[in-house]
Amino acid sequence: MKSDPTSRSELREFALLRSDQWHAVLTHFDYNEGFSFGLILVPEAALAEQCRAALSEHLAKSGKELLDLSPPSAEALRHIANPLLSVDRNRNFGAVWVSAVVPTFHPEYELWFAAWREGFARLNQYRNMLQRQIPCTLVFIGAAWVQAVVRTMAPDLWSVRSWVAPLVSAFPLHRSERAKLEAGPVGSHDAPDPEFALAEANHLRGRAGQEVALARLLSRAGRGFLNRNEFEKASESFRESLALLIDAHTDELAALADSYAGLATALEGLERLEAAVQPREEALELSRRLFGDTHERTLTAMNKLANTLANLGRLEEAMVLYKTQEALSFESGNKLALQWSYGNQGLVLRDWGRPEEALELLKKQMSICLELDHKEGLQRSYANQALLLQESGRLEEALDLLKKQETLSLELNDKSGLERSYGNQAWVLKSWGRMEEALNLLKKQEALCVEIRDRHGLQWNYSTQAEILRAWGRAEEGLGLLNKRETLCLELGDQDGLQWGYLGEVLCLQDLGRLDEALALLKKHEALCLDLGLKDGLRRSYGSQATTLRRLGRLEEAVSLRQKEEALCLDLGDRASLALCYWNWAPVSEEQGDHDTARQKLQTAMGIFAELNMPEQREAVQAALDRLKTHT
Amino acid sequence: MALTLDDRAFLKQVYLNMDPNKALKPGDAFYEPIYDIHGCTDPVQLLYSGIDFSETESRQLFSGFRGSGKTTELLRLKKKLEDNGYLVLYSDALEYINPAEMIDISDLLIVLAGAFSDALEKVDPNIRATHESYWTRFLNYLNTTSVTMDEIKLTPVKDVVELKFALKDTPSFRQKVQLMMSNRLYELEAQVRKFFEDSVKAIRSQRPNQKIVFIFDQLEQIRGSLFNEREVISSVERLFRLHLDRLNLPYIHAVYTVPPWLKFVYPTVDVVILHTVRQWCNDPQRNHHEPGNACLSQVVNRRFEAGGLQRLLGSKDRTTQFTFLCGGHFRDLLRLFRGAIQRAQTLPITDEVIHASIVDVRSTFLPIAHDDALWLGKIAESRASGLPDTSPDSVSRFTRFLDTHFVLYLRNGEEWYDIHPLIRDEVERIVKSNASPQLALQMPL
């Protein structure tokens, strides 16, 4: 398990595997003895894989193994009872793992849905045998819809469940971020000039007795860099400042607290959240010692530490701090700090899947902000309420609040808030099919992201714009944006984002008939999938390459790639893709004049489609066969 | 403060103590006599009286929905009977019958005799009705008939094993036996009865006057699968409707666990059904029924050593945060505790941990289908089953509610139903939204 995530997707997994829910799952494995049955719900297969790796690692610490019986195909899932009833009782297994995560938008969702139903219907009768046969925890991992399937199709097994862990709500569906309570707004004109501060600091270097003064200047430079989102430089400045202050055994605790807080903010900007916890704790402790519990600086430090913990998925610890902050703010009559607490508690409740209670608290925050005329807080409250409403499908109410957020962000010159408002408004409009309005807003968001150097926002923006442009037949423009996105992914080291981006670009190139380029890109995609060990991606790559090569008339090469695709489908046990492979193979053979092979491929495809109960595909293959007969 | 090693050891022990899937053996320190509450009928006492008052033989039907504690109570019955001098033979039906396949009276009679024969040998190998087990006797019977049995060509040693296997797991073999026996049912029944009689004689010869009870557990598990649920349920219903008397065994008190839905399709049949611990009264406000809640608190207390509950919760009063929401079901109560233990990062646990566990257990009930919510809403209001008819579909749906604890089966004098406290709000929300004109207009779509 990685401890220092850098990309957004890694960060999401990172947060997931540090969430309370996942921690509870691991605790079960620490405490449990003998058979038990658990169900984990995740939104996508990649996260299931992360969970498997993390659990495997966890079990290894106590000398236990994870037995992975995940079905390679829907057909295998139908008969999952067989391998489960053959588990070797004498091995030191800590978990038996069965994963098949297929989201509802997946092209093969219906096939897998039927397989889950049938697999569990068959398994139900063996509940007692499973309890005797499996000496450890049996874990099933599926998408959220699997829970209702198990409950209905395997009521006996369901009745002995130990736990269900929905890991779905641990990350947002679309872009929005936890309210951040930084010292000054992004792009503040009052922020120090970092270069100037550094130049001044350079005069003091190496001069005895000037360490504390030098540290102060470095800290100032750090704040200047933070204001420009230049986090690496900021981090360097704060580190140097801290080293000087600590070496000097200074009693300048306020300076020390500032540097710790600054370093933490810089590390968060670099998405090194775990590393930010310790400086946040130090800053809070120093504030307490210096100013007491109810001082605004202490309350701010407490709030920031809580935010860091919450962003790491350590929600329970964060909530304890938010509640403490609430009590202290209330006691001292500090309404400003009170509204931070309400707002951030609301976000934790959202993560805990309690949207109604979250909305209640955000409304409380809004009332206080209106009373205080505190526009920054109000803007955040609107944004976070809108997010909750978006997630609950209440899009009209959400859009209304996003517009209010836009107005306030403009008034405050908060470009970060403004770009988020534009992005989320565009998302709502796109989901309503109002593409033109959505695109206009995305253009505005793009400009802002460039200005404030928000590369994650920009990446999201480019792919959303490209989707709209391609749907309008403007593939050339879409491609341009995806090229830019590719560069960003490379900069951010987001390889998973990169391989999906390549496929998007290939689609645009194919639309444009630029087949040679599409092929070259698919080669890159292939290499990346090989690097990342993504067999399914590789299968997709070979198939797309073969299709492109056929269009280029390079039939021998197309056949060779179909053979590779076939081998991977067989390896993965992916029968539906295998049938598709044969179906696509037939026209290549036909064009080679080899009608016998073409017929044979179509017949095999038809057989598989019949076996998988896919009548539409079967009929289409039949039509191709009929056409082939007429031609010959 | 973070958990110490000692805290974690404590939590682990409590976690193990709270295992919701462990049936309790008689005398287990965790067992709480929940049916001792004033005004509550003890189902074990009912069964015991039914046996004790019947002198030589009787037939008792016992049932309960999933997770209601059937096995625990059955083991308690066994202990009570043994303490009072009965010879109790226990058998698990699932060792002989495939619960996913249709059942016929002929299979059942064969299996009953065979299972009794095996159980007797286990209890006292010196007692044997004849020189051969029932299985050997039955195999000989088959071989002396004119039926050809291509399926079983057995060696003398393995034949009984293969006969049992074929009866359980080879549908074609079982179907042939059923077909053959359909014309010889009386012959088979007589043969089985004779076997029981011989067995009882053999027992009496060594244990004069000892009364015999045969518990045939897990018969209620026969319910088919996705592909044949209706057919299997119909076969079970037919079995009890047409052949109930054939389940009376000579000189033996037979106790069968049967599917709880039998009472809906065959209301005249006398079944002792385990009910849920009653936590509230059958009044509109659902006023607390204190003895029930106290009893559930005791269920919890028994799983802690002295001071343990205090250490986990800080105050014993916080137990009610779980007990009030468990619906009287032990497994749900234990799951609520386990969920909190899994999340504990400090001791005593925080309110957030308690809440998170409640949210988790509640989420296992969700989502609730719209039509189900409407039915559940009616149950919550009327406190009656609301079964529209006794068709297999309706019965199966209602049984699913009870098995998944969406609906609770309660008794205080008369029987009544209510919905689980964890789903009340969600059901109410769906029912209300259904009543709104906007949704009503959308329905034709």
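Modeller: Helix 4 (residues 105-123) and helix 8 (residues 185-206) of chain B pack with their axes 10 Å apart, at an angle of about 15 degrees. That angle makes helix 4 of chain B roughly parallel to helix 8 of chain B. The model is predicted, so local features need pLDDT of at least 70 and side-chain atom pairs count only at pLDDT 80 or more, while totals for chains, interfaces and linings use all residues. Residues are numbered from 1 along each chain as its sequence is written, chains are lettered from A and ligands numbered from 1 in the order in which they are written, and side-chain values use heavy atoms, leaving out hydrogens and water.

Colleague: In which hand does helix 4 of chain B pass helix 8 of chain B, and which residues meet?

Modeller: As for the terms, helices are DSSP runs of H or I with at least four residues, strands are runs of E with at least two, and both are numbered from the N terminus. Axes are lines fitted to C-alpha atoms, for helices over the stretch in contact, with angles from 0 to 180 degrees between N-to-C directions; under 35 degrees counts as roughly parallel, over 145 as roughly antiparallel, 65 to 115 as roughly perpendicular and the rest as oblique. In chain B, helix 4 passes helix 8 in a left-handed crossing (the near helix is turned anticlockwise from the far one by less than a right angle). The contact (heavy atoms within 4.5 Å) includes B:Leu109, B:Phe116 and B:Leu120 from helix 4 of chain B, and B:Leu188, B:Phe195 and B:Ile203 from helix 8 of chain B. The residues of this contact of helix 4 with helix 8 in chain B divide into 13 nonpolar, three polar and one charged (Ala, Val, Leu, Ile, Met, Phe, Trp, Tyr, Cys and Pro count as nonpolar, Asp, Glu, Lys and Arg as charged, and the others, Gly among them, as polar).

Colleague: At what angle do the axes of helix 21 and helix 23 of chain A cross?

Modeller: The axes of helix 21 (residues 415-431) and helix 23 (residues 455-471) of chain A cross at roughly 25 degrees and come within 12 Å. These two helices of chain A, helix 21 and helix 23, are therefore roughly parallel to each other, and their crossing is left-handed. A:Gly423, A:Trp427 and A:Lys430 in helix 21 of chain A meet A:Trp460, A:Thr464, A:Glu467 and A:Ile468 in helix 23 of chain A, a contact with three nonpolar, two polar and two charged residues.

Colleague: How do helix 29 and helix 30 of chain A pack?

Modeller: Helix 29 (residues 575-591) and helix 30 (residues 595-611) of chain A have axes 8 Å apart and an angle of about 160 degrees. That makes helix 29 of chain A roughly antiparallel to helix 30 of chain A, and the crossing of the two is left-handed. Among the residues that meet are A:Tyr582, A:Trp583 and A:Trp585 in helix 29 of chain A, and A:Leu602, A:Ile608 and A:Phe609 in helix 30 of chain A. By class, this contact has 13 nonpolar, four polar and four charged residues.

Colleague: How many cavities of 30 Å³ or more does the structure hold, and which residues lie nearest the centre of the largest cavity?

Modeller: The structure holds 10 such cavities, and the largest cavity has about 150 Å³ of space. On a 1 Å grid over the protein atoms alone, a cavity is a set of points where a 1.4 Å probe fits but cannot get out, and lining residues have an atom within 4 Å of a point. Of the 17 residues lining the largest cavity, A:Ser162, A:Trp163, A:Val164, B:Gln342 and B:Asp360 lie nearest its centre. The lining of the largest cavity divides into six nonpolar, six polar and five charged residues.

Colleague: Where is B:Pro348, and what is phi of A:Glu271?

Modeller: B:Pro348 is in the loop between helix 14 and helix 15 of chain B, and the peptide bond from B:Leu347 to B:Pro348 is cis, with omega near -5 degrees. Phi of A:Glu271 is near 60 degrees, a positive value in a residue other than glycine, and A:Glu271 lies in the loop between helix 13 (253-269) and helix 14 (273-291) of chain A.

Key
On a 1 Å grid over the protein atoms alone, a cavity is a set of points where a 1.4 Å probe fits but cannot get out, and a pocket is an open set with protein on both sides within 12 Å along at least five of seven lines; lining residues have an atom within 4 Å of a point. Grid points are joined across faces, edges and corners, and a volume is the space filled by probe spheres set on the points.
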